[in-house]
Amino acid sequence: MSLLFNDFASWQKHCEETNQPLYQPVLEYEIEQKGRTEELIWETMAHAYAVMQDAVKTGLSEDMRSRSGMVNNGAKKVAASPVTTLSPEFKMLITRALGAKEVNSCMGRVVAAPTAGASGILPGILTTLQDLHKLDDRKIHEGLLIAAGIALIIETNASLAGAVGGCQAETGSAAAMGAGAIVYCLGGSIDQVFAAVAITIQCMLGLVCDPVAGLVEVPCIVRNASAAAIAYSSAQIAIAGVNPVIPVDQCVAALGEVGQSMETKYKETALGGLANTAKAREIEKLVLVQDVEILPDEDNAD
Amino acid sequence: MAEKSSIFDMIGPVMIGPSSSHTAGVVRIARAANRILGCLPEEAIITFYNSFARTYEGHGSDKAILAGLLDFKTDDKRIKDAFELAHEKGLKYTFRSIGNASTMHPNTIKLNLKGCGREVEVIGQSRGGGVIRIVEADGFSADFSASLHTLIIDADDVKGSIAFIADVIAHDDCNIATMNVSRKGKNEMARQFIEMDSGISPVALEYLRHLKWVKNVTYIPNID
């Protein structure tokens with residue numbers, strides 16, 4: 001029977017005992033539990049990566065303005081900026097994560113990975129990783145399978161949805177998936193891959209979901225960029241062999257606990273945080289449909 | 001414990017933004033309604049309820065519903081241009097929003113569609129992650145997701161009809177996943193909503209259509 005991805009400890013134990021690469025149990029899970037063929041799985045990963053690459057390209061070439069006006073070609077502005085704060089590579093990462101996420105906000109095609117609100121993070125991380133390290137597509141597709149395994153475990157023990165666990169559950173999970181994929185693709189050990197996941201969760205813990213006017217724009221887009229940056233910093237720390245101290249499964253449990261105790265106003269309801277600022281309330285008036293009919297009580301039964 | 005997800009939901013689906021419940025789910029509700037109508041509609045009255053009533057413009061759900069009525073898939077890049085394309089194809093539409101339908105799911109849409117000489121009313125919910133549930137069709141309560149293969153059978157409310165139909169489906173090697181029967185009154189017309197794990201053959205479908213006590217059969221293959 002295939003591994004069920006209930007926790008990281010059993011994934012590690014399984015791979016160490018069978019001497020399998022980390023992605024192998026993910027393949028077996030999907031084949032045995034969901035009845036897919038191995039061929040379809042690789043094709044689906046290849047298609048997902050192609051859509052991610054396309055989103056990055058679209059975000060940096062086409063006009064990216066949203067109906068609300070809050071998104072206005074931010075990724076292209078960053079790419080064209082004469083000032084580089086860290087390195088050209090860092091700037092590339094940031095522009096790509098922003099660009100792919102802007103495509104999502106502007107009704108373009110993306111991969112929900114794991115969700116639409118976090119759909120800029122893996123494209124930014126993986127396209128940059130491939131270019132910097134000259135990795136072949138197959139390695140990236142393996143990285144996507146690692147990311148999928150990480151997501152399955154987080155979904156089982158915490159949540160991937162902003163409405164359930166706040167932003168930490170969406171962008172935090174995407175960053176953790178990306179960090180694990182980075183370390184895997186660069187040849188890190190299983191300990192290092194999972195340490196990258198643990199460290200990323202430690203960095204993203206507590207982030208609330210407070211979208212202005214309820215739209216997947218502010219602060220979602222800039223958080224996709226910062227989540228990609230945190231994934232790289234965590235991967236760097238982990239692949240150097242630094243111990244995250246708190247084991248990854250316990251970090252996931254903490255993610256779940258924080259999500260559960262987070263107030264509803266911080267879970268995608270647009271009632272708290274940035275969504276509850278004066279400016280956000282102004283924007284809301286412009287964006288929300290105003291001519292909403294209110295039915296009299298007797299008509300309200302259907 | 002809930003059934004575990006597919007990795008295709010972890011890295012996927014490929015979809016049009018910004019949000020799976022406001023775009024992908026909305027497109028799928030419209031595509032399911034087209035199939036209940038039996039053709040692409042010529043006229044549509046679209047009512048957004050509750051949370052959708054306020055947010056449908058900002059999230060582009062108006063474009064998503066028109067795109068679905070034009071039968072675009074959830075990952076079709078043309079969704080963005082649905083207003084222009086609906087105009088080109090001559091689809092007439094009206095939007096309404098109702099803010100306080102307290103008995104309905106927060107993200108509910110009602111579609112009143114006209115086309116091919118027919119009129120239907122379909123109510124659907126967008127439940128997150130692109131998952132939908134059709135809860136009413138033509139005044140009959142329903143409960144199907146359109147992610148499996150669905151049969152809608154209108155038949156006289158006669159004894160043994162459910163067993164007979166289930167038998168035909170079983171002989172076609174289809175497994176029934178869910179079944180929901182609703183009728184307007186005793187010995188009146190009953191409507192059966194049957195979800196199957198695999199598609200039914202054209203022969204079995206024709207057979208069902210030719211039964212004397214069966215008035216109408218609508219087949220909705222899984223909607224991607």
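Modeller: Let us begin with a charge over a ring. B:R78 lies over the face of B:F72, 3.8 Å from the ring centre. The criterion is that NZ of Lys or CZ of Arg is within 6 Å of the ring centre and within 35 degrees of the ring normal. In chain A, the charged end of A:R138 sits over the ring of A:W42, at 3.9 Å from its centre.

Colleague: What should I bear in mind about the model itself?

Modeller: This is a predicted model, in which local features need pLDDT of at least 70 and side-chain atom pairs count only at pLDDT 80 or more, whereas totals for chains, interfaces and linings use all residues; side-chain values use heavy atoms, with hydrogens and water left out. Residues are numbered from 1 along each chain as its sequence is written, while chains are lettered from A and ligands numbered from 1 in the order in which they are written.

Colleague: Is A:F8 buried or exposed?

Modeller: Buried means under 20% relative accessible area, exposed over 50%, and partly exposed in between (1.4 Å probe, protein chains only). A:F8 is buried at 0%, and A:W11 is buried at 0%. In chain B, the pair B:F164 and B:W213 is edge-to-face, because the centres are 5.7 Å apart and the planes stand at 85°. B:F164 lies in helix α6 (residues 161-171) and B:W213 in the loop between α7 (202-210) and β11 (214-220), so this pair ties together parts 49 residues apart in sequence. B:F164 is partly exposed at 34%, whereas B:W213 is buried at 19%.

Colleague: Which side chains of chains A and B form a salt bridge with each other?

Modeller: Side chains of opposite charge can pair when their charged atoms come close. The cut-off requires a side-chain nitrogen of Lys or Arg within 4 Å of a carboxyl oxygen of Asp or Glu. A:E293 bridges to B:R96, the closest N and O atoms being 2.7 Å apart. The pair crosses between chains, from the segment after α13 (278-287) of chain A to strand β3 (residues 92-98) of chain B. A:E293 is partly exposed at 32%, and B:R96 is partly exposed at 32%.

Colleague: Where do B:R31 and B:D71 lie?

Modeller: These two side chains meet in a salt bridge (3.2 Å, N to O). B:R31 belongs to helix α2 (residues 20-37) of chain B and B:D71 to the loop between α4 (61-69) and α5 (82-88), so parts 40 residues apart in sequence are tied together. B:R31 is buried at 6%, while B:D71 is partly exposed at 25%.

Methods:
Phe/Tyr/Trp six-rings, centres within 6.5 Å; stacked < 30°, edge-to-face > 60°. Helix = DSSP H or I, 4+ residues; strand = E, 2+ residues; numbered from the N terminus.
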